[in-house]
Structure formats: structure tokens, C-alpha cells
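Student: Could you walk me through reading some side-chain features in a model like this one?
Tutor: Gladly; let us look at it together.

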Amino acid sequence: MNLKDGLTPVDLSSALARAPAISTEPSALVQTMTKTFAQLSVGIGIFDKAGNLILFNPALMELTTLPVTTLSRKPTITQFLDEMRGRGMLPEPRDYTDWRARFEGLPLEASGSGNDLLDELWCLPSGQTYRVTAQAYRNGAVALLMEDISSELSATRGIRSRIRQNESTLNSFEEPICVFAEDGRLSFSNRAFNSVWASLTDERPTRLDQALALWRNASGGCGFWDDVESYATQVSDREPWSFRTQLGGLANALVRVTPVVGGGIMIRLDDRAVSTPQRMAPISRLQAANSQSIFAVDGTHI
């Protein structure tokens, strides 16, 4: 679509009607594109090369809280920002004049660039967070896009908070614990396990095969490590089990192997006195859910 300097700021259907026909049914195409833009949750405002607003969709009105009468006056980018600021819909930078000046020059930067001009997060006084991007057109026009990502950020922060809590809990355990993902990568190890690594080698293995080679050597070629390797590749019938071995400074250590969500395995070490090697009794569903909830669905550490 070619944006004309004299285009009146109307709804998208009127603007798209001026677009060149690119199919045998241009009216159907216009209707389809109009409905698509009108239903987007991302606010879209098109500013011409002079910096005036010439097109906008309903989502832009919702996100900025600006009425159609204001947007229809063809405000410049800076006037558009001033209106938003008056409604508390802008972040408050230290120097608002300098911050606003960056937007005033966007139409000049847009000419012939064909690149994105802006991509930043706006933390609003209301607690909402907008992602704002500015995209350039070769005729000097600028498309300003706004998206409310508050919910996504809140969910991400909640996940990260739970992960940090789980990591803190596992790091408080004296029992060495590590987790390997389905592809063999080491996805987590607590402080106690890291001290075991340090007692065996200066290098910290990052994959299960590296760890198994180290453990075989440190335990005098114990054959149970071969069972761990086979167990890690099993698809079904994976129940928790354990065996005893000598492992570096841990004499007569108990090694517990437990499946985790996503196809990975968790290995725990215990140097307390234990009985002979044995398959462990299946844990309860509640215990399994609690032990598995600390890992991502795909078995990797977030």
C-alpha cells in the first residue's frame, strides 16, 4: 500500500480501498485485510513522512485511551505522545523533552532505511508494560506498533521466582543432587554436588557421558554406571532405583537414580550406611509430582 501525504485519517477499510489491486477480487482482499487489522490486539498507527498520523486501528485507541476525535485530527508523533502523557499512558523519563525528540525525527530516519527504528519497553505508571516498535517505510512513513505484554511479563516473573525458590531449596540440601536432560546435558546441580565435582576433577562435566566416564574411573570401573547409561535412554518402565559404590571421597556411597519429566534423570548421592544394591520402591504420585515440578516440561533447566 502506498501512503499518500494527503490521506485522511480514517478507518483501515477506506485506506485499503486505495491500495493497488493485486488479485482478481480486490474488494474481497480489502475486506479480508480490513477485518484482520481491525481485530488485531496490537495497536497500529501509521505516520506519514511529515510525521502526521494518517491511519490507526481500534486497538491503538484502546491502548492509548485516546478518543477517535483526537486521533482523527492528524496529530504529529510528538502531539500524539503529549496526549498519551496527559492520560498517564507514557513512562516518565528523566528528560521528557529529549526523550520525545527521538520520535520527532523518526520520519526522517524512515526515508530509504527499510529497517526497524525503535524497539523498547514502556513501563507505565499504572503498572502495565507496553512493547513499542517503530518500523520504517521507504516513502518516509513510520508505523508505530504497541502491544500490552503485562500478562506475559507477570507470568515470566512468576516462573522465574518459583525457579529461584526451588534452586534455593535444593542448594540448602546436604545431599548432592544433579539433573541431566533427555539429550544428556547437565541442566542442574546443587552446591553439594558441585563440591563432589571439585573433589574428583578440575573440569566440570556438562554432559552425562562425560560424568559417567569420570564416575567409572573414580569408582574403580563399577559396572552400575553402565546401567545408568542404559537407563537414561529408556523410554518407558523407568522406576527409581539405587546402587552402592565408592566415589572419590564418598566411601560406600548410595547413588539414587530417579526419572524426571521430559525424559531426563536425577542423580543423588548419599554416603550414609545403606543395604545392598536394590531397586527402590516406586514413590507416591504426590512425591513424584513434587520432585518433578522443579524442572521444565522439556527436562531442561530454565
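Tutor: We start with polar contacts: a polar contact is a pair of N or O atoms within 3.5 Å, and within protein one must be able to donate a hydrogen and the other to accept it. Keep in mind throughout that this is a predicted model.

Student: Which residue does the side chain of Ser189 join in a polar contact?
Tutor: The partner is Asn194, and the two side chains are joined at 2.7 Å. Ser189 belongs to strand β7, residues 186-189. With a relative accessible area of 10%, Ser189 is buried, because buried means under 20%. Beyond four places in sequence, Ser189 touches Asn171, Ile177, Cys178, Asn194, Trp197 and Arg204.

Student: What other polar contact can we examine, say for Arg131 and Asp119?
Tutor: Their side chains are joined by a polar contact of 2.7 Å. Arg131 lies in strand β4 and is partly exposed, with a relative accessible area of 37%. Setting aside neighbours within four places in sequence, Arg131 is in contact with Asp119, Glu120, Leu121, Leu145, Met146, Glu147 and Ile149.

Student: Now the nonpolar side. Which residues have the most contacts inside the largest nonpolar core?
Tutor: The general idea is that in soluble globular proteins, nonpolar side chains tend to be buried together. In this model the largest nonpolar core has 28 residues, and Phe80, Leu81, Met84, Phe103, Trp122, Tyr130 and Met146 have the most contacts inside it. At least two residues of this core come from each of β2 (53-56), α3 (58-64), α5 (77-86), α6 (96-104), β3 (116-123), β4 (129-136) and β5 (142-148). Another core, of 24 residues, lies apart from it, with Phe180, Leu208, Leu212 and Val228 among its members.

Student: Which residues does Phe80 touch, not counting those up to four places away in sequence?
Tutor: Phe80 touches Phe47, Leu60, Thr64, Leu66, Leu71, Pro75, Leu144 and Met146. Pro75 is also touched by Thr70, as is Glu83, again not counting residues up to four places away. Thr70 is found in helix α4, residues 68-71, and counts as buried at 11% relative accessibility.

Student: How many aromatic pairs are there?
Tutor: The count comes to 12. Take Phe193 and Trp215: their ring centres are 6.1 Å apart and their planes are at 70°, so the pair is edge-to-face. The pair links distant parts of the chain, with Phe193 in helix α9 (residues 191-200) and Trp215 in helix α10 (residues 208-218), 22 residues apart. Phe193 is buried at 0% relative accessible area, and Trp215 is buried at 0%. Ring pairs also link Phe180, Phe193, Trp215, Phe224, Trp225, Tyr231, Trp241 and Phe243 into a cluster.

Student: Which charged end sits over the ring of Tyr231?
Tutor: That of Arg238, 5.4 Å from the ring centre. Likewise, the charged end of Arg85 sits over the ring of Tyr96, 3.9 Å from its centre.

Definitions and conventions
Residues are numbered from 1 along each chain as its sequence is written. This is a predicted model: local features need pLDDT of at least 70, side-chain atom pairs count only at pLDDT 80 or more; totals for chains, interfaces and linings use all residues. Side-chain values use heavy atoms; hydrogens and water are left out. Helices (H or I, at least four residues) and strands (E, at least two) are DSSP runs, numbered from the N terminus. Buried means under 20% relative accessible area, exposed over 50%, partly exposed in between (1.4 Å probe, protein chains only). Contact means heavy atoms within 4.5 Å. A nonpolar core is a set of buried Ala, Val, Leu, Ile, Met, Phe, Trp, Tyr and Cys residues joined through side-chain atoms within 4.5 Å. Rings of Phe, Tyr and Trp (its six-membered ring) pair if their centres lie within 6.5 Å; planes under 30 degrees apart count as stacked, over 60 as edge-to-face and the rest as tilted. A charge sits over a ring if NZ of Lys or CZ of Arg is within 6 Å of the ring centre and within 35 degrees of the ring normal.
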